[in-house]
Amino acid sequence: MTSQPGTERREIELDFIRGIAILLVLVFHYHPHNLLITSEALNRIQGAGWVGVDVFFVLSGFLVGGLMMKEWSRTGRVDSIRFLQRRAFKIWPAYYVFLLCAAIVHIRPLKSFLWQNLLSVQNYFSTSLAHTWSLAVEEHFYLALAAIVALWTSRRWQPATLLTACLLLAVLVEVLRAALLVHGKPVYFYTHTRIDALLLGVALAATRSFWPNAFKALQRQRVLLLLVLALGLWRLYVDHDAYPEPDALTSPFLITFVDYASVALLLLLYRPAKARGPLYRLIARIGVFSYGIYLWHVSVERPANWAIAHVPHALVAVTSTFLPYILAIPLGILTTRLVEWPFLRLRERLTPARTPEAQIPVA
């Protein structure tokens, strides 16, 4: 059985945003291979693809927060244990299969990644699977969010106070990050300096669930949202400190600009499209498999380098530029179908959602 679990509940607009995010990540990680582009401006744009992770963070906060807010608004409470169980079925099987394969292949020494990644602390302790740092941030955030929302609902505190708390905490994280950067401290990989994007996503989800008219009013502010998006893109483009490595950032508020631009992007794109052309549908389809692609996309570097070394010289530039994508996307699709989707079906049998999900995007 290969059909996608929960197909009837997916929202193509969110898959399109997922697709944009994962393509940005691929462009960032593969841009050193791109031998066809020599323009400094285009190279700078490619080097800014790390912002795809921030788009993922905002979207993840919106999706996961949306599931919790929907349950809260319908039942007055949130079953945090059940929420964490369902997240485990979504995240862990594909992740631990990836770790198992990395351990079996043994290209990297086990001590360079195994215990760090098994304990989900790889963003605080060095790991040779560097791209998995963002998964640790999300894991930590899910645990914290589940505990906080459980407390909120058990005390019967109002949703408005949670919304306020999310926004205030996001601002505090942004101020802390800026202060650390001013003093030359690294901030890029750590949970306590990156959860503002996730908090902003939860704030959007709370607004959509409890104040839908306010959410729609935000979406109608297209000129303002476009200005915020343009400001983030402009700041990203002119900031030379962002290249080539995001962990070498020195600009205090660059990530903040990127996070609010990601919020604006979500609000602009999360609306029914009047026309969905082939490119839109293709990017959305890639977005369906974004988690699998993200997990495995670094694994194609060695086979890609081998192939590049064995093609005729005239084809080196084309092969180097496109082969990583040609390998990574099908690999992500394959692992999603073989691992992630079967466990999602098992999840629906063992821990089915207790609230109707006809309008809830699968997460």
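Asp-196, Ala-197, Leu-200 and Leu-204 of helix α9 touch Asp-259, Tyr-260, Val-263, Leu-266 and Leu-267 of helix α12, where contact means heavy atoms within 4.5 Å. By class, this contact has 7 nonpolar, no polar and 2 charged residues. Here Ala, Val, Leu, Ile, Met, Phe, Trp, Tyr, Cys and Pro count as nonpolar, Asp, Glu, Lys and Arg as charged, and the others, Gly among them, as polar.

A word on the source: this is a predicted model, in which local features need pLDDT of at least 70 and side-chain atom pairs pLDDT 80 or more, while totals for chains, interfaces and linings use all residues. Residues are numbered from 1 along each chain as its sequence is written, and side-chain values use heavy atoms, with hydrogens and water left out.

**Two helix pairs**

Helices (H or I, at least four residues) are DSSP runs, numbered from the N terminus. The axes of α9 (residues 196-210) and α12 (residues 254-269) come within 10 Å and cross at roughly 30 degrees. Axes are lines fitted to C-alpha atoms over the stretch in contact, and angles run from 0 to 180 degrees between N-to-C directions. The two helices are therefore roughly parallel (angles under 35 degrees; over 145 counts as roughly antiparallel). Their crossing is right-handed, that is, the near helix is turned clockwise from the far one by less than a right angle.

Now to α4 and α16 (residues 316-350), which pack at about 155 degrees with their axes 9 Å apart. α4 and α16 are therefore roughly antiparallel to each other, and α4 passes α16 in a right-handed crossing. Among the residues making the contact are Arg-86, Phe-89 and Lys-90 of α4 and Glu-340, Phe-343 and Arg-347 of α16. This contact divides into 9 nonpolar, no polar and 5 charged residues.

**Two pockets**

A pocket is an open set of points on a 1 Å grid where a 1.4 Å probe fits, with protein on both sides within 12 Å along at least five of seven lines; lining residues have an atom within 4 Å of a point. A volume is the space filled by probe spheres set on the points.

| Pocket | Volume |
|---|---|
| Largest pocket | about 1,000 Å³ |
| Second largest pocket | about 450 Å³ |

Of the 45 residues lining the largest pocket, Ser-128, Leu-129, Ala-130, His-131 and Val-298 are the closest to its centre. Its lining divides into 28 nonpolar, 12 polar and 5 charged residues.

The second largest pocket has 19 lining residues, with Leu-24, Ala-48, Val-51, Leu-233 and Leu-236 nearest its centre. α11 gives the most to this lining, with 5 residues, and α12 is one of the helices that supply at least two. By class, the lining of the second largest pocket has 16 nonpolar, 2 polar and 1 charged.

Terms used
Angles under 35 degrees count as roughly parallel, over 145 as roughly antiparallel, 65 to 115 as roughly perpendicular and the rest as oblique.
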